[in-house]
Amino acid sequence: MTETPSPFQRRIALALLAKAEGKPAARLRLDARMAPELHGHTDAEERARWWLQLQELERRGWWRLQLAPAREFADLAERKPQLALQDFDALAAWVGYQPLASRWAARWQALLQERGAPAALRQYLARNPLPALEPLAPEQAWYSLQQLAQRCQSGQRLALRELSAQVFQGRSKLLDAREELLLLLGAQPGQFSEAPIQLLIDCPARIEYALFVENLTSFEALADARGAAWQHALLLYAAGFKGSARRLREPAGCRLYLRANSTAQQLGAVQRWLFERAELPVCFFGDLDYAGLDILRRLRELFPQAQAWALGYRALARVLEAGGGHAPEWADKQQQADPGTTGCALADTELLPLLRRSGAALDQECLDAAALQAAAS
């Protein structure tokens with residue numbers, strides 16, 4: 001392979017890389033406008049030399065040359081050639097292409113220093129960039145940052161997403177998980193509140209333990225058809241990881257929503273347990289995958305005695321041990337991280353080893369209430 005790209009290779013590569021910014025499956029048409037060298041005004045021998053240069057990078061796996069089906073007497077240029085990008089980073093390094101985000105970040109950091117932004121703020125934004133600002137010119141981004149700093153230093157209390165929408169062109173989610181940035185800009189701890197967790201609950205006549213359920217379908221199934229094993233369980237649904245957020249146990253951070261068959265008197269008992277730390281055993285039932293057991297690990301930070309719900313999880317485990325379940329990549333779970341240990345004996349000695357051994361996962365919805373009642377008998 002050549003040490004450096006030819007002018008032809010470089011021009012084509014730069015066009016393909018620019019088209020690929022933010023697009024994982026970019027393609028570039030090699031028509032007469034983009035690649036005149038490949039078309040009829042050059043002789044066949046010279047055109048062959050250009051094709052060889054394209055094929056050279058295809059052999060490296062950096063792009064793939066795609067052609068329409070062959071037709072009689074049609075040469076390669078007549079078969080609607082296009083390049084499909086295969087390896088952005090390798091191709092960019094070879095031709096010296098700097099991604100737009102890197103160019104914007106360099107201009108942004110230069111502007112921050114020019115405007116006298118404190119070193120701690122510059123370092124934070126270098127480590128934790130705000131990609132959503134990149135469509136703006138750095139000067140516009142600086143203006144929004146100044147607006148945010150003024151709000152922080154004013155002492156005004158506001159919902160976090162309202163603050164984000166008001167200073168970032170109506171975009172409400174830019175400040176999620178950005179507490180450090182707010183503090184660097186002069187905010188007081190807790191000055192901007194996250195939206196309260198909406199906790200859906202179904203109360204039995206007598207409450208013996210609390211059962212957090214990860215997914216809404218399973219929560220509704222358990223509430224609609226109460227089996228003997230969960231007849232006296234306080235069922236709770238808070239949308240996955242939200243159920244392990246610290247504000248769950250703060251009156252200002254959590255709103256309770258009763259299903260129709262629950263009473264106001266029962267609501268008082270739930271509030272005493274949740275907000276006043278009354279004693280009640282706690283269980284969790286979610287998907288049999290790393291994310292589900294990570295929710296359990298986090299839930300135990302709020303409820304140190306919380307345990308995996310043995311009935312539900314052992315029923316899921318039997319399905320997985322029998323060869324059921326799915327590969328993580330079938331359900332976009334390949335990025336889930338093994339939580340290591342949760343502190344729950346059932347999860348740490350049975351469920352996590354099973355996940356590691358099988359390499360598979362299982363969603364809790366595969367068991368309906370009837371299957372769980374059968375497992376309990």
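The following conversation goes through several residues of a predicted model.

Student: What should I know before starting?
Tutor: This is a predicted model, in which local features need pLDDT of at least 70 and side-chain atom pairs count only at pLDDT 80 or more, while totals for chains, interfaces and linings use all residues. Residues are numbered from 1 along each chain as its sequence is written, and side-chain values use heavy atoms, leaving out hydrogens and water.

Student: Which residues gather in a patch of positive charge on the surface?
Tutor: They are Lys19, Arg29, Arg71 and Lys80. Patches take residues with over 30% relative accessible area and no salt bridge, and join like charges within 9 Å. A salt bridge is a side-chain nitrogen of Lys or Arg within 4 Å of a carboxyl oxygen of Asp or Glu.

Student: Where is Lys80 found?
Tutor: Lys80 is in the loop between strand E2 (63-66) and strand E3 (82-85). Strands here are DSSP runs of at least two residues, and helices are runs of at least four.

Student: Is Lys80 buried or exposed?
Tutor: Lys80 counts as exposed because its relative accessibility is 70%. Buried means under 20% relative accessible area, exposed means over 50%, and partly exposed lies in between, using a 1.4 Å probe and protein chains only.

Student: What is phi of Lys80 near?
Tutor: Phi of Lys80 is near 50 degrees, a positive value in a residue other than glycine. Gln169 is not a glycine either, and has a positive phi of about 55 degrees.

Student: Where is Gln169 found?
Tutor: Gln169 is in the loop between helix H7 (160-167) and helix H8 (179-184). With 45% relative accessibility, Gln169 counts as partly exposed. Gly170 also has its place in the loop between H7 and H8, and counts as exposed at 53%.

Student: How many residues apart along the chain are Gly170 and Ser154?
Tutor: They are 16 residues apart, and their C-alpha atoms are separated by 20 Å.

Student: New topic: which strand does Asp202 lie in?
Tutor: Asp202 lies in strand E6, residues 197-202. Asp202 counts as buried, because its relative accessibility is 0%.

Student: Which side chains does Asp202 contact?
Tutor: The side chain of Asp202 makes a polar contact of 2.8 Å with that of Arg226, and another of 3.2 Å with that of Arg259. A polar contact is a pair of N or O atoms within 3.5 Å; within protein, one must be able to donate a hydrogen and the other to accept it, and residues adjacent in sequence count only if both atoms are side-chain atoms.

Student: What about Arg247?
Tutor: Arg247 is in the loop between strand E8 (233-237) and strand E9 (254-258), and is buried at 18% relative accessible area. Its side chain joins that of Glu194 through a polar contact of 3.3 Å.

Technical notes. Patches are made of residues with over 30% relative accessible area and no salt bridge: like charges are joined within 9 Å, nonpolar side chains (Val, Leu, Ile, Met, Phe, Trp, Tyr) within 5 Å. Accessible areas come from the Shrake-Rupley method with a 1.4 Å probe; for residues, only the protein chains shown count as cover. Lys and Arg count as positive and Asp and Glu as negative; His and the chain ends are not counted. The place of a charge is taken as NZ of Lys, CZ of Arg, CG of Asp or CD of Glu.
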